[in-house]
Each structure stands twice: as C-alpha cells, then as structure tokens.
Amino acid sequence: MVFLRGAEPVALLGPYQARKKRQFGRFKGRLRIGEDFDAPLPLGMAQAFGL
C-alpha cells in the first residue's frame, strides 16, 4: 500500500519482517582501536566543541 500526499507518494506500507538474530563477535580481529583513542582532544578542537 502506498500513501500519497496529493499525487506524490510519501510512504510505503509492507509486511513486517523480523530482524535476524544478532551475531556477536562478528568483527573480532577486523577492527583496531588506536592507543590514543581516549586521549584528550587538542585545545583548538576541544574549544570548537565547547569543552
């Protein structure tokens, strides 16, 4: 079913499809987080964010 606003389609209604079950550990060994991930921001950047 398509919902229209005037002659323009704005939404599509279709059957519900359940999501697949989450698969934990899927990216294990593929992602790396840098050593400085939680290091303080440089002063100029911190000021830009209002910190």
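This is a predicted model: local features need pLDDT of at least 70, side-chain atom pairs count only at pLDDT 80 or more; totals for chains, interfaces and linings use all residues.
1. Strand 1 and strand 2 make a hairpin, with two residues between them. In the turn, G6 has a positive phi of about 70 degrees.

2. How many of the five residues of strand 2 are buried? The number is zero, so strand 2 lies largely in the open.

3. On to F3, which sits in strand 1 (residues 2-5). F3 counts as partly exposed because its relative accessible area is 40%, between the 20% and 50% cut-offs. Together with M1, V10 and L13, F3 makes a nonpolar surface patch of about 410 Å².

4. Another phenylalanine to check is F37, in the loop between strand 2 and helix 1. With a relative accessible area of 65%, F37 is exposed, because the cut-off for that class is over 50%. F37 and F24 are 13 residues apart in sequence, and their C-alpha atoms are 22 Å apart in space.

5. Finally, a word on confidence. The protein chain has a mean pLDDT of 90, and 100% of its residues reach 70 or more. Among the elements of the chain, strand 2 (residues 8-12) has the highest mean pLDDT, 95, while helix 1 (residues 43-48) has the lowest, 92.

Technical notes: Residues are numbered from 1 along each chain as its sequence is written. Side-chain values use heavy atoms; hydrogens and water are left out. pLDDT is the predictor's confidence in each residue, from 0 to 100. Helices (H or I, at least four residues) and strands (E, at least two) are DSSP runs, numbered from the N terminus. Patches are made of residues with over 30% relative accessible area and no salt bridge: like charges are joined within 9 Å, nonpolar side chains (Val, Leu, Ile, Met, Phe, Trp, Tyr) within 5 Å. Accessible areas come from the Shrake-Rupley method with a 1.4 Å probe; for residues, only the protein chains shown count as cover. A salt bridge is a side-chain nitrogen of Lys or Arg within 4 Å of a carboxyl oxygen of Asp or Glu. Buried means under 20% relative accessible area, exposed over 50%, partly exposed in between (1.4 Å probe, protein chains only). Two strands pair if DSSP finds at least two bridges between them.
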